Amino acid sequence: MSDSHTTHSFETVAIHAGNTADPLTGAVVPPIHQVSTFKQDGVGGLRGGYEYSRSANPTRTALEENLAALEGGVRGLAFASGLAAEDCLLRTLLAPGDHVVIPDDAYGGTFRLFAKVAARWGVEFSVAHTSEPDAVRAAVTPRTKAIWVETPSNPLLGITDIPVLAQIARETGVRLVVDNTFATPYLQQPLALGADVVVHSLTKYMGGHSDVVGGALIASDPALAEELAYHQNAMGAVAGPFDSWLVLRGIKTLAVRMDRHSENATRVADMLTRHPRVTKVLYPGLPEHPGHEIAAKQMKRFGGMVSFQVAGGEEAAVAVCDRAELFTLGESLGGVESLIEHPGRMTHASVAGSALEVPGDLVRLSVGIENADDLLADLQRALG
Ligand SMILES: *Cc1c(COP(=O)(O)O)cnc(C)c1O
């Protein structure tokens, strides 16, 4: 992150941070340094600090500088996937016997990582409804090292008050982690709101084109950032050069994409609230959403994710997913193309039977940036 970016607006930083012209050729876009090792000028004579691409690679560095600048952190780290980033974070923050508070509405893979993997190594967790600060405070024990939050959450679009949880984290001496995948730094700046670490699945809005899997951590505290970087190299699940390049390219249009995602999602949510076959619409932009006021305070706009419940239960919800055409039936989210899915049987199948189980009549939309009228027509047809 270079200081010259601190005076520029988000849209400008997104395009320029990390994207310095190639010193050798002047190439305006950072080259894909598809290489594992670097020639040394005499033993230990590294050029620009580059030695071996697990430790550092110039294309990944460009992305990491960009991520740090966008989230306002001291350092960004890019990983092979969102879950690889989460794994690095949890093994940096937590040791056997430690405890973490996780949301009752976490991404299914995050829950699985804690429940099926970290638990085997003696890391304990409690599930709390993070929209209620008192529930989080009550879940913190003397062994708690971190509070983990997703806001908006996946797939129920719950909103957690980041500054209030940051206050609880400070009072109890634990770290606040915010998964900012749904909002992106364009809509929400968790570090400025008091969080210690931001987690991303770069696979989603940051990449934005459904063509790359990646993850990131951005920290505000230099000592923690240093520890995370040490673990990134020691554990090795880094983002490759081409993947880093794709995400860096995607981020250049993040602001315009998020504006359009938010506009289209607002239209979709409005239509759904008036549809007779829809019993409930979950979108933080709706005034009746329980987190609407907090979301309006801590987010620039409300994002592109909309969930809704269908009259007629699980089979009816599955049928809507099957009948949609323009909304492609598929997992993941955050790409330019609209997606539809049934969380209970797809993304959140791994939390069935747990405290995180999602309603069977729930449908989740990732509203893309196509023409909104086309999207509304497709959903109306799918709803029948
Ligand atoms: C997809 C997702 C993840 C996991 O990221 P991957 O890139 O799939 O490993 C984590 N958190 C949220 C909110 C996600 O949507």
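Leaving aside its neighbours within four places in sequence, which residues is Thr151 in contact with? They are Gly158, Ile159, Thr160, Ile162, Val178, Asp179, Ala183, Gln188 and Gln298, where contact means heavy atoms within 4.5 Å.

This is a predicted model, in which local features need pLDDT of at least 70 and side-chain atom pairs count only at pLDDT 80 or more, while totals for chains, interfaces and linings use all residues. Residues are numbered from 1 along each chain as its sequence is written, and side-chain values use heavy atoms, with hydrogens and water left out.

Thr151 lies in the loop between strand 4 (144–150) and helix 6 (162–172). Helices (H or I, at least four residues) and strands (E, at least two) are DSSP runs, numbered from the N terminus. Thr151 has a relative accessible area of 0% and is therefore buried; buried means under 20% relative accessible area, exposed over 50%, and partly exposed in between (1.4 Å probe, protein chains only). The side chain of Thr151 reaches the backbone nitrogen of Thr160 at 2.9 Å. A polar contact is a pair of N or O atoms within 3.5 Å; within protein, one must be able to donate a hydrogen and the other to accept it, and residues adjacent in sequence count only if both atoms are side-chain atoms.

Thr160 also has a partner in Thr130, whose side chain makes a polar contact with the Thr160 side chain (2.8 Å). Thr130 is found in the loop between strand 3 (124–128) and helix 5 (133–139). Its relative accessible area is 5%, so Thr130 is buried. Not counting residues up to four places away in sequence, Thr130 touches Pro103, Val136, Trp148, Val149, Thr160 and Leu165.

Of the 15 residues around the ligand, Leu83, Asp179, Ser201, Thr203 and Lys204 come nearest; a residue is near a molecule or strand if one of its heavy atoms lies within 4 Å of it. A nitrogen atom of the ligand is 2.7 Å from an N or O atom in the Asp179 side chain. An oxygen atom of the ligand is 2.9 Å from a polar backbone atom of Leu83, and an oxygen atom of the ligand is 2.7 Å from an N or O atom in the side chain of Lys204. Taken alone the ligand exposes 380 Å², and the protein buries 92% of that (Shrake-Rupley method, 1.4 Å probe; for residues, only the protein chains shown count as cover). Helix 3 (residues 82–93) gives the most to the shell around the ligand, with 3 residues.

Lys204 is found in the loop between strand 6 (197–201) and strand 7 (215–219). Lys204 counts as buried because its relative accessibility is 10%. Apart from neighbours within four places in sequence, Lys204 is in contact with Tyr107, Thr181, Ser332, Leu333 and Gly334.

The last stop is Asp378, in helix 13 (residues 372–383). With a relative accessible area of 0%, Asp378 is buried. Asp378 and Ala324 are 54 residues apart in sequence and 6.2 Å apart in space, C-alpha to C-alpha. Leaving aside neighbours within four places in sequence, Asp378 is in contact with Ala324, Glu325, Leu326 and Phe327. A polar atom of the Asp378 side chain lies 3.0 Å from the backbone nitrogen of Leu326, and the backbone nitrogen of Phe327 lies 3.0 Å from a polar atom of that side chain.
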